[in-house]
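The following exercises concern a protein and its ligand. Study the sequence and the structure, then work through each solution in order.

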Amino acid sequence: MKLIGPFKQIVTLANLPLRGKLSDDQLEIIENGGILVDDGKVVEIASFEFLKNEAKHSQIELIEDEQICLPAFTDSHTHICFGGNRANDFAMRNAGKTYLEIAESGGGIWSSVQHTRNASEVELLETTLERINSLISLGITTIEIKSGYGLDLENELKMLRVIQKAQTFTNATLVPTCLSAHLKPRDFKGSSEEYLNYIVDEILPQVKEEKLSDRVDIFIEKSAFQPEESKQFLLKAKALGFHITVHADQFTPGSSRIAVEVGAKSADHLEATIDQDIQFLANSETVAVALPGASLGLGEKFTPARKILDYNGILAIASDWNPGSAPMGNLITQASILATFEKLSTAEVLAGITFRSAFALGLDDRGKLEKRKKADFVTFKTDNFQNVLYQQGSLKKESVFIDGIKV
Ligand code: NIG
Ligand code: FE
């Protein structure tokens with residue numbers, strides 16, 4: 001057993017509900033607290049002095065200076081396994097071209113596909129690990145990573161194998177997702193429906209066989225896959241035993257409905273979701289994932305996070321870190337900015353990047369600091385936890401602990 005502390009404040013997020021709005025007076029804040037850890041799990045959280053007396057024989061890891069402690073964060077939506085970059089897309093877009101126009105003129109997702117196909121596994125592994133480490137340095141210890149820049153059997157498997165390999169180099173939890181249905185690749189001879197069938201028949205069985213991922217994603221959008229074919233695809237993926245997540249309502253509404261209808265774990269984006277569909281989503285078990293990094297990268301409106309919470313939905317916030325629409329990769333900055341535009345309480349933002357985003361990945365063992373939860377937490381050198389979001393990402397973490405061990 002190990003006692004870690006004392007912390008000026010530990011914000012446990014214990015007892016907060018999975019869904020709906022939260023106010024900051026619901027936050028449990030332990031002053032001068034300690035965290036008792038055993039075998040990677042939280043045993044108890046209480047006053048440091050109390051725990052010091054109670055657990056006399058435990059080892060003590062002393063925290064110097066004034067620090068606050070939060071549950072470590074979960075980023076439930078990233079595309080950080082990719083080759084090349086799309087700085088030119090960014091410049092073109094800001095010079096007046098739209099996301100879709102850039103895609104149609106040879107930039108966009110397809111250019112990342114070519115760079116990713118051309119990258120070796122070693123190169124991809126190296127850059128993916130760099131991005132993982134950059135996320136860990138923000139206090140993120142659970143990271144979802146999508147394929148979707150390979151778009152054929154060989155290259156989709158290459159991406160997912162790289163993600164699997166990356167897991168052997170990091171203590172963070174990586175959650176791989178198969179996004180072969182990101183776009184119909186230009187070199188595929190056949191309709192988009194035929195491409196979706198190719199994924200079901202050729203890619204998913206192999207993904208299953210090699211245990212590369214148990215999650216399937218699709219980009220439902222005018223420029224990608226259409227609603228009805230997407231629904232059939234998702235039902236087939238589900239029948240194969242995959243959990244579902246959807247890139248929904250990014251530019252045009254309608255697809256969040258499909259996500260709910262197929263029982264998806266999450267519907268992500270939702271910038272264009274209409275009011276009726278927000279209510280439909282908010283009444284379901286499907287997590288609504290806001291991706292403010294994509295709004296900031298594209299100059300588009302934000303996901304209606306306030307409404308989702310007011311309708312009692314489950315709101316998570318993720319970075320969408322990718323080379324095209326969301327190049328920033330700083331979830332703390334993005335979530336803080338979303339809070340100012342959407343009027344989210346500190347409790348709502350913290351819940352959205354911890355236990356609610358973990359739930360979007362099917363994980364209920366983390367994101368709160370309470371008994372038996374995974375002892376993943378992040379500390380900041382400050383006397384008040386409010387400073388973390390207030391400084392919009394410029395207050396850097398002091399330490400990150402995974403399974404009770406400083407990384
Ligand atoms: O989540 N919307 C589709 N997919 C990504 C963008 C990927 C890319 O542009 O490379 C997204 O924003
Ligand atoms: Fe995305």
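**Exercise 1.** Determine where Gln 391 is found and how its accessibility is classed.

*Solution.* Step 1: Gln 391 is found in the loop between helix 16 (386–390) and strand 15 (397–402); helices (H or I, at least four residues) and strands (E, at least two) are DSSP runs, numbered from the N terminus. Step 2: Gln 391 counts as partly exposed because its relative accessibility is 31%; buried means under 20% relative accessible area, exposed over 50%, and partly exposed in between (1.4 Å probe, protein chains only). Step 3: from C-alpha to C-alpha, Gln 391 and His 115 are 36 Å apart in space, and they are 276 residues apart in sequence.

The model is predicted: local features need pLDDT of at least 70, side-chain atom pairs count only at pLDDT 80 or more, and totals for chains, interfaces and linings use all residues. Residues are numbered from 1 along each chain as its sequence is written, chains are lettered from A and ligands numbered from 1 in the order in which they are written, and side-chain values use heavy atoms, with hydrogens and water left out.

**Exercise 2.** Identify the polar side-chain atoms that lie close to ligand 1.

*Solution.* Step 1: a polar contact is a pair of N or O atoms within 3.5 Å; within protein, one must be able to donate a hydrogen and the other to accept it, and residues adjacent in sequence count only if both atoms are side-chain atoms. Step 2: Tyr 149 places a polar side-chain atom 2.6 Å from an oxygen atom of ligand 1. Step 3: for His 182, a polar side-chain atom lies 2.9 Å from a nitrogen atom of ligand 1. Step 4: an N or O atom in the side chain of His 247 is 3.0 Å from an oxygen atom of the ligand.
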